[in-house]
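Work through the following exercises with the sequence and the 3D view side by side. Each task is followed by a solution in steps.

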Amino acid sequence: MRDEIIAIFEDPDAASAALTALRDAGVTTARVASPAPYPAVEQTGHPGPWRLLGWIALVGGLTGLGCAMALEVITSRHLNQIVGGKPPVSWTAFGVVMFEMTLLFAGVATLVSLIVMTAVSRRGLSPRARDAVSCDRIVVVVSLYGESAERRDVITRSLGDALEVLS
């Protein structure tokens with residue numbers, strides 16, 4: 001079992017106030033587990049890897065665009081068919097396929113990275129903290145490793161508005 005305090009909040013504003021009190025007390029080990037992206041999650045300074053999703057979608061989309069262009073050019077040159085009076089390699093005819101493959105690759109890359117990031121970020125929390133999160137609860141987890149007794153009291157007082165505090 002980890003040396004931590006788990007505070008369960010019913011209201012995201014109460015969790016935000018507790019995180020502000022913890023930050024004012026100099027505590028930097030607080031983490032938030034929540035069912036929704038509340039602003040309190042950003043207050044901890046550990047919002048998770050979710051900021052990478054946009055970049056992953058961009059890389060996936062560009063990969064899809066490149067694959068579509070390569071597939072269409074290679075196929076058109078190999079078959080050498082003239083369709084609609086256009087030359088075999090005609091970018092206007094390729095537009096639909098390039099658009100669809102760009103969206104397909106971006107969507108698949110985002111989905112796979114979201115699943116992987118969710119699985120990896122859950123490992124940072126104890127099973128007790130994960131079990132405490134529900135659809136209407138936000139959980140603040142503070143590590144007490146190496147903290148003195150009076151420092152632990154300060155941390156506990158900072159979490160005073162919690163619905164329940166598990167030690």
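**Exercise 1: A valine on the surface**

Val120 has a relative accessible area of 54%, so it is exposed. The model used here is a predicted one. Task: find the element that holds Val120 and the nonpolar surface patch that includes it.

Solution.
- Step 1. Exposed requires over 50% relative accessible area, and the value for Val120 is 54%.
- Step 2. The element is helix α4, which covers residues 91-122.
- Step 3. The patch consists of Leu104, Val108, Val112, Val116 and Val120, and together they have about 430 Å² of accessible area.

**Exercise 2: A serine in a helix**

Task: decide whether Ser76 is buried or exposed, and list its contacts beyond the neighbours within four places in sequence.

Solution.
- Step 1. Locate Ser76 in helix α3, residues 53-79.
- Step 2. Buried means under 20% relative accessible area; Ser76 has 16% and therefore counts as buried.
- Step 3. With neighbours within four places left aside, Ser76 is in contact with Gln81, Pro88, Val89 and Phe94.

**Exercise 3: The two sides of a strand**

Task: sort the residues of β1 by the way they point, then name the residue that stands opposite Phe9 in β3.

Solution.
- Step 1. In a regular strand, side chains alternate between the two faces of the sheet.
- Step 2. In β1, Glu4, Ile6 and Ile8 point one way, while Ile5, Ala7 and Phe9 point the other way.
- Step 3. Six of the six residues of β1 are buried.
- Step 4. The pairing of β1 with β3 is antiparallel and has six bridges. Opposite Phe9 stands Ile138 of β3.

**Exercise 4: The largest nonpolar core**

Task: state how many residues the largest nonpolar core has, and which element gives the most to it.

Solution.
- Step 1. The core has 17 residues, and Phe9, Leu22, Val140, Val142, Ile155 and Leu159 have the most contacts inside it.
- Step 2. At least two core residues come from each of β1 (4-9), α1 (12-24), β2 (30-33) and β3 (138-143).
- Step 3. The most is given by α1, with five residues.
- Step 4. Take Val142 as an example: beyond its neighbours within four places in sequence, its contacts include Ile5, Leu22, Val27, Ile155 and Leu159.

**Exercise 5: The whole chain**

Task: give the order of the elements from the N terminus on.

Solution.
- Step 1. Count six helices and four strands.
- Step 2. The order is β-α-β-α-α-α-α-β-α-β.
- Step 3. Of the 167 residues, 29% count as buried.

Key: Residues are numbered from 1 along each chain as its sequence is written. This is a predicted model: local features need pLDDT of at least 70, side-chain atom pairs count only at pLDDT 80 or more; totals for chains, interfaces and linings use all residues. Side-chain values use heavy atoms; hydrogens and water are left out. A nonpolar core is a set of buried Ala, Val, Leu, Ile, Met, Phe, Trp, Tyr and Cys residues joined through side-chain atoms within 4.5 Å. Buried means under 20% relative accessible area, exposed over 50%, partly exposed in between (1.4 Å probe, protein chains only). Contact means heavy atoms within 4.5 Å. Two strands pair if DSSP finds at least two bridges between them. Patches are made of residues with over 30% relative accessible area and no salt bridge: like charges are joined within 9 Å, nonpolar side chains (Val, Leu, Ile, Met, Phe, Trp, Tyr) within 5 Å. Accessible areas come from the Shrake-Rupley method with a 1.4 Å probe; for residues, only the protein chains shown count as cover. A salt bridge is a side-chain nitrogen of Lys or Arg within 4 Å of a carboxyl oxygen of Asp or Glu.
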